[in-house]
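Open the model in your viewer and keep the sequence panel beside it. The tour goes from charged pairs to a helix and then to a sheet.

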Amino acid sequence: MATTSPVLNRLPEEAPWYKHRWPWLLMLGPFIVVIAGIFTIWIAVKQQDALVVDDYYKQGKAINQDLRRDRVASNLGMHFKVYYDTDKQKLVGNVSSDARQQAGEIQLRLIHATLPEKDIVLYAKTDAAGRFEISLPDLEAGRWQILVENKQRDWRLGGVWLWPTQENFAVDADEKL
């Protein structure tokens, strides 16, 4: 009878599962999905959604009033120019009218494209030529919606300023109509 050696019949010892790379590679996908889900939940909880409006009807009525003010600005031939002087940290501009109506006191709103807490409201008194300077410590780079109106809110001018890509911003009331 032939005897076999115990050494020849031995199977090679397998390493435990955690020492192989394939189980780790297969677990990597679900792990990344779990981390992305946690990150998404964190963003949803931390960042407030500012795009939802409570009273749609009331805002719709306000849009009609704004359109009326745009037409008044067009009838007056209103013009607005502004630039940001980084050295003096001032917003320097000019408001003029073809009807020779002086702007007097104006309200200038710089509305951030996505974050309402970064909106800036400034008030200025124009001189006889319509020039004004407003102290503005720091203007963040970005896309700003600009709305200019007089103290009585009779007229309104507005547009989009991509600062610092556009050094100057100018809008005429007739450009919109």
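A salt bridge here is a side-chain nitrogen of Lys or Arg within 4 Å of a carboxyl oxygen of Asp or Glu. The model is predicted, so local features need pLDDT of at least 70 and side-chain atom pairs count only at pLDDT 80 or more, while totals for chains, interfaces and linings use all residues. Residues are numbered from 1 along each chain as its sequence is written, and side-chain values use heavy atoms, with hydrogens and water left out.

**Salt bridges**

Select R131 and D127. Their side chains form a salt bridge with an N to O distance of 3.4 Å. D127 has a relative accessible area of 32% and is therefore partly exposed; buried means under 20% relative accessible area, exposed over 50%, and partly exposed in between (1.4 Å probe, protein chains only).

How many salt bridges does the structure hold? There are 7. Go next to R156 and D70, whose side chains meet in one of them at 2.9 Å, N to O. This pair links distant parts of the chain, 86 residues apart: R156 is in strand β7 (residues 156–163) and D70 in helix α2 (residues 56–76). Helices (H or I, at least four residues) and strands (E, at least two) are DSSP runs, numbered from the N terminus. Are R156 and D70 buried or exposed? Both are buried.

Now select K151 and E105, a salt bridge with its closest N and O atoms 3.9 Å apart. K151 lies in the loop between β6 (142–150) and β7, and E105 in strand β3 (residues 105–112), so the pair links parts of the chain that are distant, 46 residues apart. K151 counts as exposed because its relative accessibility is 56%, whereas E105, at 35%, is partly exposed. To finish with the charged groups, select R69, E149 and R153, which are linked in a network of salt bridges.

**Helix α1**

Select residues 21–46, helix α1. Its 26 residues should span 38 Å at 1.5 Å a residue, and the end C-alpha atoms are 37 Å apart, which agrees. The expected span is 1.5 Å times one less than the number of residues. Center on L28, where α1 has a kink of about 30°, shortly before the proline P30. The bend is the angle between axes fitted to the seven residues ending at a residue and the seven starting there.

**The sheet**

Color strands β5, β2, β1 and β8, which form, in that order, an open sheet of 4 strands with antiparallel pairing. Two strands pair if DSSP finds at least two bridges between them. β5 and β8 (168–172) are the edge strands, each pairing on one side only.

Start with β1 (residues 78–85) and β2 (residues 90–97), which run antiparallel and are joined by 8 bridges. F80 stands opposite V95 in β2. The hairpin of these two strands has 4 residues between them, and Q89 there takes a positive phi near 55°.

On β2, select S96. With a relative accessible area of 27%, S96 is partly exposed. Contacts of S96, not counting residues up to four places away in sequence, are G77, M78 and H79, where contact means heavy atoms within 4.5 Å. The C-alpha atom of S96 is 9.4 Å from that of L76, 20 residues apart along the chain.

Last, move to β5 (residues 131–135), which pairs with β2 in the antiparallel sense over 5 bridges. Here K90 has S135 as its bridge partner, and V92 stands opposite E133.
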